[in-house]
Amino acid sequence: MIEENEHNESNNQSQETITKVTGMYKDWFLDYASYVILERAVPSIEDGFKPVQRRIMQSMKDLDDGRYNKVANLVGHTMQYHPHGDASIADAMVQIGQKELLIDTQGNWGNILTGDRAAAPRYIEARLSKFASDVVFNPKTTEWQATYDGRRKEPIDLPVKFPLLLAQGAEGIAVGLSTKILPHNFNELIDASIKHLRGRSFTLIPDFQTGGIADVTDYKDGVRGGKVRVRVKIAQLDKKTLVISELPYGTTTTSLIDSILKANEKKKIKINKIEDNTAAEVEILIHLPNNVSPDKTIDALYAFTSCEVSISPLCCVIDNNIPVFIGVKEVLKRSTDNTVRLLKMELEIQLAELQEQWHFASLERIFIENRIYRDIEEEETWKGVLKAIDKGLKPHIKHLKRKVTEDDIIRLTEIRIKKISKFDIDKANQLIESLEDKIAIVKNYLDNLIDYVIDFFKNLKKKYGKERKRKTEIRLFDDIIATKVVMRNAKLFVNRKEGFIGTSLRKDEFVTDCADIDDVIIFRADGKMMITKVDAKTFVGKDVIHVAIFKKNDKRTVYNMIYRDGARGPSYMKRFNVTGVTRDKEYDLTNGNTSSKVWYFTPNPNGEAEIITVFLRAVSTVKKLKWDIDFSDLAIKGRGVKGNRVTKNSIKKIVLKEEGISTLKPRKIWFDDAVMRLNVDDRGELLGEFKPNDRLLIINQHGNLKTAIPDMTMHFDEDTIILEKWNPNKPITVVYYDGQRERAYLKRFLIETPEKLEVIISDHPKSQLEIVSTDYRPMLEVVFSKRSLDSIQVNAEEFIDVKGVTALGNLLTKEKIKQVNALESLAYEEPNLDELEVDEVVIEAEVILEKQKPAENKDDPTKDGGQTSLF
């Protein structure tokens, strides 16, 4: 409460009273908040429009004559309804126009892909779309209210017969609340409405104009707390170039490129340059430096730039002048039920109009056919005329469906003499019969209202849904661990003696490249271990014996260690891994006694187990001073175990005798086609068990072939057709159509350079891959275009020898081919090289090499460029 105060303002001590404003702030703030919520920011659940949008649509309907109108003219007309400035109206109209649903646009309306603004309202034009005319307006079912100045009438809600709010989406910030409703696919909304009308369940997921890839796992029906992750659609053009072809919702090419450049400046990613070739479609080229992994860069783009955005929907709508928070399913149900109500009203109005037409047509026929107009010739007063007509009608109106009113009789008196003189009783009967047929049809619609509404939605889909296919691909996303994909933008150094690590110790020992978000694992000579964040300079304890970048949940890196327990205690050996710890906390890997010491320590990224030699100090009581220890005899356990005792005597030194091999089982790797990623979590299709040097074979529909060592961060093209464990001795069979020669060719080859990206079809633009087989003895069926030719079967093994990957191959046939089908391959028992003797392995290898030699057919006249043919 503000108390009254008095103050002197002039020499004559005149007083001025301060008015109490108790309660004013509270009332005015609530009035302002209510106004912003109800009249500006939040859409209505009835028609899906905010007030400004509703007024724009009504203004466009007022001026609609089928031709384009200047937007400036439409904005000016809207100001009769909307008590705000022209700029806000023009911006709202541009947003509606850019959604390409309700407004047909002409001129420069901006670009949602690049973020370019629309031209000034005086330069652009608009008119209502046919869809808007069909579903948004009907004056007969519209409720009206006075405008802000009382001079005109405006609709309270437009009679929209479609879930428009979900199709367009909405976003607004009010006082104390906001709304963010994501757009959905036109055809999917119609399908969901039909399912609701049939009493079936349905699911709604967003669809964005800019396309992209979305993970809607946590959409939660669009209510508060939900989340949608959206990514760009990005592909690898070649080893040094990435191309972005679709954008996440809410981003533009400008904002996306800015975020990529900022990440590059911060050295989170590493790129050479970026090109924006966007026109009608998005095309952003990202050029990479040498020795930068495209797969890793893609993940880094998702992690550190706007290539991936997280959207938090919040479905808030106005219902009976109250803001409510509901899910998108409920919004669609309410919209569909409202469509049923509106269509029922339209049918009832149509029925009433038809019945009225039938009523007057029947009266008119009675009036003229029975010449009742002659009964008024001798009447001198108006009342007498009406009474005479009423009396003349009575014998003939028993079949009418309502009473004859005075207004009906007055309408009969207004019939022209010309119409009476040319009256045709047959045409009158036909008119009445046609009206009766229409009445029967409308009544049937009302009796089967749900079926009528379903047909209405189907017609909308047929008429307007052909070009409104889903643009956003739905896919599950794997979580990207930033530390695994970040560019190593710094160098880590260590001062082992003094116990410091950091990126600023440039005069000390270099350890490895690192990123500023990495964690570092440190082991000391006293058996202590800790993990800390990369920093300029950090004290971690003296006598550091090992420093490395820490990989969380890494179960393949195994540490082999021998330590002395205390100052004079026995020595123990242990093998362990470190999967996760608390940062900046010291962990004791020994038995915990003072003056413990690490004798021997090795980190092994693939669980290698070496053989070492232990030397003891010469003591008279000890006879054996030297022996070997194989770490592979020791099981891998947790870091806290005591370990196995090596000796109770004093150790002089430990020497590496033989490098170790991995003691870990080959990794089972799966491919999950839902997220298009590899994993070791038993999700998707098992590709096989992979040793450290095993590779994947990857072939796509464009004829690109490569092999690669499996990495969980790898990306795969959507048109990948072969993804399996590569067997170097297994021939690959390819049937392809050569665009230059316009014929099909078959070839078989082994991959000679696994590190090289190969193209297994000819480079003509019309060349295309037909069939790829990785079976040993594939069988093919060739179906000819000519019906007179029977299809044939081809044994690929007999048809052509194994040659090089760049070979053209043998002509499959000179006849035109309709298609080539893969049949069941012939049986083949693969030799187990592990069980063969050395001589047998050599023989087997010689056979394989012999098959790789090109066949000599110098004198064969059936050749086509040195290729054999079936015909």
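The numbered points below concern side-chain contacts in a predicted model.

1. Aromatic pairs. The model contains 20 aromatic pairs. One of them joins Phe 456 and Phe 457 in an edge-to-face arrangement, with 5.8 Å from centre to centre and 65° between the planes. An angle over 60 degrees is what places a pair in the edge-to-face class. Phe 456 has a relative accessible area of 16% and is buried; Phe 457 is buried as well, at 0%.

2. A stacked pair. Tyr 736 and Tyr 745 form an aromatic pair of the stacked kind, their centres being 6.0 Å apart and their planes 25° apart. The angle falls under 30 degrees, so the pair counts as stacked. Both of these tyrosines, Tyr 736 and Tyr 745, are buried.

3. An aromatic cluster. Four residues, Phe 131, Phe 162, Phe 186 and Tyr 464, belong to one aromatic cluster.

4. Charges over rings. The charged end of Arg 231 is placed over the ring of Tyr 302, at 4.3 Å from the ring centre. Lys 401 lies over the face of Trp 358, and here the distance to the ring centre is 4.8 Å.

5. Phe 29 is found in helix H1, which covers residues 24–41. The relative accessibility of Phe 29 is 38%, so this residue counts as partly exposed.

6. Cysteines. How many disulfides does the model have? The count comes to 0 disulfides. For orientation, a disulfide is a covalent bond between the sulfur atoms of two cysteines. Cys 307 is buried, with 0% relative accessible area. Cys 514 is likewise buried, also with a value of 0%.

7. Leu 435. This leucine lies in helix H14, which runs over residues 425–447. Leu 435 is buried, its relative accessibility being 3%. Between Leu 435 and Glu 356 there are 79 residues of separation in sequence, while their C-alpha atoms are 9.9 Å apart in space.

8. Salt bridges, and the pair Arg 334 and Glu 46. The structure holds 43 salt bridges. In one of these, Arg 334 is paired with Glu 46, and the closest N and O atoms are 4.0 Å apart. This pair links distant parts of the chain: Arg 334 belongs to helix H10 (residues 328–369), Glu 46 to the loop between H1 and helix H2 (51–62), and the two are 288 residues apart. Arg 334 is partly exposed at 27% relative accessible area, and Glu 46 is partly exposed at 28%. The cut-off for a salt bridge is 4 Å, and a reader may wish to set the 4.0 Å of the Arg 334 and Glu 46 pair beside it.

9. The pair Asp 62 and Arg 152. The side chains of these two residues meet in a salt bridge with an N to O distance of 3.7 Å. Here too distant parts of the chain are linked, with Asp 62 in helix H2 and Arg 152 in the loop between strand E4 (143–146) and strand E5 (153–157), 90 residues apart. Asp 62 is partly exposed, with a relative accessible area of 32%. Arg 152 is partly exposed too, with 30%.

10. The pair Glu 509 and Arg 496. In this salt bridge the closest N and O atoms are 2.8 Å apart. Glu 509 lies in strand E20 (residues 509–514), and Arg 496 in the loop between strand E18 (490–495) and strand E19 (500–502), so the pair ties together parts that are 13 residues apart in sequence. Relative accessibility is 37% for Glu 509, which counts as partly exposed. For Arg 496 the value is 29%, and this residue is also partly exposed.

Technical notes. Residues are numbered from 1 along each chain as its sequence is written. This is a predicted model: local features need pLDDT of at least 70, side-chain atom pairs count only at pLDDT 80 or more; totals for chains, interfaces and linings use all residues. Side-chain values use heavy atoms; hydrogens and water are left out. Rings of Phe, Tyr and Trp (its six-membered ring) pair if their centres lie within 6.5 Å; planes under 30 degrees apart count as stacked, over 60 as edge-to-face and the rest as tilted. Buried means under 20% relative accessible area, exposed over 50%, partly exposed in between (1.4 Å probe, protein chains only). A charge sits over a ring if NZ of Lys or CZ of Arg is within 6 Å of the ring centre and within 35 degrees of the ring normal. Helices (H or I, at least four residues) and strands (E, at least two) are DSSP runs, numbered from the N terminus. A disulfide is a pair of cysteine sulfur atoms within 2.5 Å.
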